[in-house]
Amino acid sequence: MRRLTVARATAIAVAAALVFSGCGRGGDAGTSDGAADGPAPAGQASGEIQVWTAGGHADNLKKLAATWLEANPEASLTVTDVPWDQVITKLQTATAAGKGPDIIMTGADQTATAIGMGAFDKLPGGVYDDSDFYPAAVDSVKGDKDALYAMPWYVETRFLFYRKDIASQLGLSAPTTWEEMQEMAAAFKSRPGGTYGLNLPRPTEQPAQVIVPFVAQAGGSMADGKQWTIDNKEFISALDYYAGYFKRGEAPIEASTDATFENGGAPMFISGPWMLDIYKDQIENGTAPAGFTMDSVGYAVAPKGPAGNNNQYIGGGNLGVFSASKNKASAWSLVSWMGKTQQQEQWYDLQGELPANTGAADYKPIQDNPVTSTLMTQMKDTVATPNYPAWSQVSDLISKYSEMVARGTMSAEDAAKEIQSKATAIGFGW
Amino acid sequence: MTTVERRATAGASAAVSRRRLRPIRWGNLIILAILAVGLAATILPFVWMVLGSFKSNAELLARPITWWPQAPTLDNFKAWFFEFDILRPFLNSVIVALVTVFATLLLSSMVGWALAKMNFPGKRAITVVVLATLFVPGIVMLIPQFVLVANLGMVNTYWGLILPGMVGAFGVFLMRQFMLEIPDALLDAARIDGAGDFRIFFQIVLPLCKAPLATLAIFTFMGSWNGFVWPLIIAQDDSMYTLPVSLALFSAESGGHGTDFGLQMAGSFLIVIPVLVLFVAMQRHFIQGITMTGIK
Amino acid sequence: MGSLAAQRRRSSLNAWIFVSPFVLTFGVFGLIPLVSSLVMSFTDLKARDIRNPLNVDFVGFDNFVTVLTDETFQRALLNTLIFVAIGVPTTLFIALVLAVMLNSVGPRLATFFRVGYYTPVITTIVAVAIVWRIMYQNTGVFNTILGWFGVTGPNWLSDPNTALLAITIMAIWRNIGVSMVIFLAGLQGIPSDVHEAAALDGVNAAQKFFRITIPLMMPTILLNAILVTTGHMQFFDEPFVMTEGGPLDSTTSVALQVYNQFKYGNYSVGAAGAYVLFALIGILAIVQFRFFRQRT
């Protein structure tokens, strides 16, 4: 009796689901190809424009856009900020619902995923000239077959931090090659009172963010436009170089350690300029260890690899127009305005982020600031995150296998083979 | 003979009372000591959270860690109340939680009642299907539930936030178990007095159910109040955000790079307060409610 | 006779009025998503289809094959089962002992401890994660205590051999509160004359616990075991915030793998994984039910 009821209930439910779900991949669903209207002419934007920014960009965007709103009296603006790690979830749901904002900001490494799910419209003509922008930044807004879908808004890159005071005691200066960086790490670790040589993103902390640049510095790249290219000597040497620091005990592989940059336990790492603000805060609050001052902090462009370049990871934020937006012309008009040299310079003043438009690269306040001028030097040598929707999945594979190599349970050669075969099976995800 | 007997019983009762008093007192002390040590270990993260809400982010990031705030500050709370408008998400959370709790109590007790004491075609099927969903992992439902809510045009509305939270099988199970224990004689008496099904339910059954309703209210309130993933997906802008969503968003966005842990501790503390108050106020009924559901 | 049939009809009509609000909501927001995710697990639905979820192909059992042959998923399955095998009995045992102890102290103290032991349940996982990560550090609380006994503790969370154990301990700590409250309720249902009789018979505390309390509590233990097992099978929060499944997949879980598939946009594969989990939970519940029924 009971079994019968369950069976009947299941049958009804399945029948209902079949009706509900429909069948068959009829034709190419694809991303929206309707090369939409271009931006509204200056001053003629209208209606409410909703923007989703990511990672704390809402307040300054409102300030930036004030002049644009004056010039476009018919338009109004609502800005909502989303944390970085929620951007893709929010986009998935907005896209599925066909209901969301007009302009969406995505991180450089999230844009391909957003394009892949159809969140963005193709870029219409007249928004920006991609030859004015950093090529690696433009790479990050390309979809399948190199079509453009968004505009790079700002860029960021990483450089090398090291304890200048400790280095000078050891008679060392900023390393310029892989070998010198390795020597410095060994010297830091073996000095009296030393614990580690440096901090690298551990295998659980998205190590691809340093491995991809290492691959570029070794002269390789992650994909050739047709498939993933991982099982090769460049990737293997990058992975060996990365894992070597852990194997030699120069970089901590433990999840938690009391060795920090501030107390000299891990006196070197690769990261972005925001670390300087954190140190400043700690010193002002009196929570930094005794003897740690801003003079202890040294920074420099990244060391060069065997291929003779020091390409660093390029990140940043991109702006696209939501495929279900009802106010596309006005939205593109605002995006286009934000990409102009003057606004790019103003954005640096407001938020301290570097312009994606190379026309603003020589802006005096940027060049006068030693930190940003170092960053701008580094900006000339960058490598983009592979811009494919499946990248996050491949990146997780790299995390997994780099951990085995770093713990010495697998060779870099075998890891490269494993990652290659799995990544090939996954594909690019378009 | 009687004296001996009396003496013997006196001695026995003295032995009994000695056995009862001394070991129990020692035992009690040991029990209390164990409970106290366990309690200390248990509330440590809670205490850390409260203390952390008075620390700056820099202090929370500094190593070695500090327990007592070195430079106590109210900045985190000020930020919540002044920089960030906490009132709107607070009201949203209150509306969502109250409606969800009220609707869950009403719907669960109605269906629990019918399943416990009424006979009708389809009863067994409903019982089996609803109880089977007790074992469904929540993540199974997420995407299709969202597609459905999106197609119903309920994204960024209170309906979208509330309705999917009302289908929990646990409440039905709890109410049904409790109502099975209500004596039929009571109902028959009411029926003889001419009371219909609805009057019996609202005037006799519901008042008997205070304890399980309190239990269900606390569980449902906690679930709704702390819910994060669903409101994050459904609420598209800050007019619809609930407290946990705002907490995550605001403490992540300040600074842009990395989370402000001080803000997060203060926010977590603020969020916990209503749940804590509710639990302390209702915990007697809460436990009684579980006791009386025949779960024994 | 006709009036009896009419009465029965009216009574089932009333019953349906009682159940229909829940059944309708449940049907729309529970059953439809549940079944469509089952259907989804037999298709090739991916992120790119999110705007046209009906526009997909059926692929038979491919997704289930993908999931079950994936070595990471197999590892996740093993981890989840180890977690359940260690976590569930330990949680139940500690919760039961605590409940018995709490039941023997005065009502004021009991209230105090009860609230205290419940705080892990209502403290946000964010605060919990920060504190536990610090406690598990090389020089953290655990290793300091182990050091008193001359034991050099491992680096709990980053050693693949101890990470799962560390996460399990933390989950036990988080889950004791709920089980304890349910046990307390069960204990209050034991008539007090049973204890008095036992005391007169000179039964010591351990004997009382194993010979009287546990047998009388079997139904509560069954309920608790099924609830805790169902919760533990969906093991997600702890590895998600503490280790993201590492090191070397030693703490990854089935629910975490399902979540990752959703994150990558492989919805259909995620749905298949979720249904594998659902099936396992159902099987375990049935096994437990049989086991306990034999014992009572």
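Which residues in helix 8 of chain B meet which residues in helix 11 of chain B?

Modeller: Happy to, and please keep in mind that this is a predicted model. On one side of the contact, helix 8 of chain B brings B:F170, B:G171, B:L174, B:M175 and B:F178. Facing them in helix 11 of chain B are B:P212, B:T215, B:L216, B:F219 and B:T220. If you sort the residues of this contact by class, seven are nonpolar, three are polar and none is charged. An α-helix has 3.6 residues a turn, so residues three or four places apart point the same way.

Now for the directions of the two helices. Helix 8 covers residues 169-180 of chain B and helix 11 covers residues 210-226 of chain B; their axes are 10 Å apart and pack at an angle of about 170°. Angles over 145 degrees count as roughly antiparallel, and helix 8 of chain B and helix 11 of chain B are therefore roughly antiparallel to each other.

Helix 15 (residues 391-406) of chain A and helix 16 (residues 412-426) of chain A have axes that come within 10 Å and cross at roughly 160°. That makes helix 15 of chain A roughly antiparallel to helix 16 of chain A. The crossing of these two helices of chain A is right-handed. Helix 15 of chain A contributes A:Q393, A:V394, A:L397, A:I398, A:Y401, A:M404 and A:V405 to the contact, while helix 16 of chain A contributes A:A412, A:A415, A:E418, A:I419, A:K422, A:A423 and A:I426. By class, the residues of that contact are eleven nonpolar, one polar and two charged.

Chain B also packs against another chain. Its contact with chain C takes 62 residues from chain B and 71 residues from chain C. Several helices of chain C each supply at least two residues to the side that touches chain B, including helix 3 (71-104), helix 7 (163-188) and helix 12 (267-295). The largest share of that side, 20 residues, comes from helix 1 of chain C. Sorted by class, the side of chain C that touches chain B has 51 nonpolar, 19 polar and one charged residues.

One last thing to find in chain C is its division into domain 1 (2-40) and domain 2 (62-295). The C-alpha centres of these two domains of chain C lie 36 Å apart.

Terms used
Residues numbered from 1 in each chain as written. Chains lettered and ligands numbered in written order. Predicted model: local features only at pLDDT ≥ 70, side-chain atom pairs only at ≥ 80, totals over all residues. Axes fitted to C-alpha atoms, helices over the stretch in contact; angles between N-to-C directions. Helix = DSSP H or I, 4+ residues; strand = E, 2+ residues; numbered from the N terminus. Parallel < 35°, antiparallel > 145°, perpendicular 65-115°, else oblique. Left-handed = near helix turned anticlockwise from the far one by under 90°. Contact = placed C-beta atoms within 7 Å. Nonpolar A, V, L, I, M, F, W, Y, C, P; charged D, E, K, R; others polar. Domains from an automatic or database assignment.
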